[in-house]
Amino acid sequence: MRRRDLFAASATAAAGLAGADARAQVENTSVKGAPLPLQQYEPKSMLHTRETRVARAKFPVMDFHTHITYSDTMGGDDSKITFNATAEELLAVMDRKNIRIMVDSTGGYGRGLEKTLAALSKKHPDRFIVFTEPWWARTPEPGYPKFQADEIERAHKAGARGIKVLKTLGLYLREKVTTGRLIRVDDPRFDPMWETAGHLGMPIGIHVSDPEAFFLPIDRFNERYEELNAHPDWSFHGKDFPTNREIQEARVRVMKKHPKTVFVCHHVADSEDLPLVSEWMEQCPNMWVELGARIGELGRQPRASRRFFERFQDRIVFGTDATPKGIEYPQQYFCDELYEIYYRFLETADEYFDYAPAKIPPQGRWKIYGIQLPEPILHKVYCQNFQRLLKV
Ligand SMILES: [Zn+2]
């Protein structure tokens, strides 16, 4: 072929590639260097590894972190509560998976809380526990600190057993609720609430901050690029957001200031940095952690995780962040398979498996390894720690 013909042929090939259906390119594996869109890449592992199916947990499970209902804490309409499932729908899965108790974290406040309590814990007192949430919309009002503390007391009387703090605190709640300066996690207006919780023996399930990658640019270096690309509103990079570390440190100050209140830090506090979480656990005897939606992180560092479980075995509770109908977030989607993955991670030494029921790992492209906890630790994590904490 003459040089001019060669040039023409490659130009035609390039034009064809650019215009062709992307699917055809993907399937044309014979074209060297053909681009493959990341979302279409679904590599299948060729490892011949052991697959242990753990259909039921070895001990009764108490799930500290689920979202059976959702409320509107920033909007301020306390009567607004959304049910993601009925008790009966949940009980079928719970019975199959050996789940003794589920905590509905986001049980609401005021009138909404009463509806949640009536539908769940009043109907099935031995199967559901409901937590209340702060009435964030009222934060700017004078007298809020006392009002909020009184509300917690009222919620406790109504039947709420703990308090759930979402990342609303630290990342969304502002001086005028949705506008103005962000309110810090250690703002003294919340002190009476933290103290009242301690006094009443209500643990605080607290989720502040988020994965470290959510505070970095959404670019080719971001290990959770696909997740952030799909949910750009989950990014806290830039604007007036504090850093992950600043939020975390504010929470540590709160825990130190209220030593009689138990803070169960959701998502292992900062699951990417177990050495730092370990330091905080040492400094704050009232700090506990829960695992929800972070076995992807724990399972990709199985040796460090196992050491963490051994060291803090009395202050770790099982949790999933399970959300009925939450199909957008496979790592939280309430179903049999989700629980089986958690059980496999905790109970087996299986290697290199998916941390979520999804075709593409939703929180980063990696797989996990089981940590095969010894039975006494497993027992504590599945239920004994929970029983001690919530007196059940
Ligand atoms: Zn959650």
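Guide: Welcome! A donor here is an N, O or S atom within 2.8 Å of the metal (3.2 Å for Na, K and Ca), and since water is not among the atoms, sites may look incomplete. This is a predicted model, in which local features need pLDDT of at least 70, side-chain atom pairs count only at pLDDT 80 or more, and totals for chains, interfaces and linings use all residues. Residues are numbered from 1 along each chain as its sequence is written, and side-chain values use heavy atoms, with hydrogens and water left out.

Visitor: How are the donor residues of the zinc ion spaced in sequence?

Guide: The pattern is H-x1-H-x253-D. The protein donors are His65 (NE2), His67 (NE2) and Asp321 (OD), lying 2.1 to 2.2 Å from the zinc ion.

Visitor: Which parts of the chain do His67 and Asp321 link?

Guide: Helices (H or I, at least four residues) and strands (E, at least two) are DSSP runs, numbered from the N terminus. His67 sits in the loop between β1 (61-66) and β2 (69-71), while Asp321 sits in the loop between β12 (316-317) and α13 (336-347). The two are 254 residues apart, so this pair links distant parts of the chain.

Visitor: Is Asp321 buried or exposed?

Guide: Buried means under 20% relative accessible area, exposed over 50%, and partly exposed in between (1.4 Å probe, protein chains only). Asp321 has a relative accessible area of 5%, so it is buried. His67, at 3%, is buried as well.

Visitor: How do I read the crossing of helix α5 and helix α7?

Guide: Axes are lines fitted to C-alpha atoms, for helices over the stretch in contact, and angles run from 0 to 180 degrees between N-to-C directions. The axes of α5 (residues 144-158) and α7 (residues 191-200) come within 8 Å and cross at roughly 25°. That makes α5 roughly parallel to α7; angles under 35 degrees count as roughly parallel, over 145 as roughly antiparallel, 65 to 115 as roughly perpendicular and the rest as oblique.

Visitor: Which residues of α5 and α7 meet?

Guide: Contact means heavy atoms within 4.5 Å. From α5 come Pro145, Gln148, Ala149, Ile152, Glu153 and His156, and they meet Pro192, Met193, Thr196 and Leu200 in α7. The residues of this contact divide into six nonpolar, three polar and one charged. For that count, Ala, Val, Leu, Ile, Met, Phe, Trp, Tyr, Cys and Pro are nonpolar, Asp, Glu, Lys and Arg are charged, and the others, Gly among them, are polar.

Visitor: What covers the buried residues of α10?

Guide: The cover includes α9, β11 (287-290), α11 (295-298) and α12 (302-311). In α10 (residues 274-283), the buried residues include Leu274, Val277 and Trp280. Helix α9 (residues 244-257) holds Ala250, which is buried at a relative accessible area of 4%. Leaving aside neighbours within four places in sequence, Ala250 is in contact with Val185 and Asp186.

Visitor: Which phi value does Val268 have?

Guide: Most residues other than glycine have a negative phi. Val268 has a positive phi of about 55°, although it is not a glycine. This residue lies in the loop between β10 (263-265) and α10, and Val268 counts as buried at 1% relative accessibility. Ala293 also has a positive phi, near 55°. Its place is in the loop between β11 and α11, and Ala293 is buried, with a relative accessible area of 4%.
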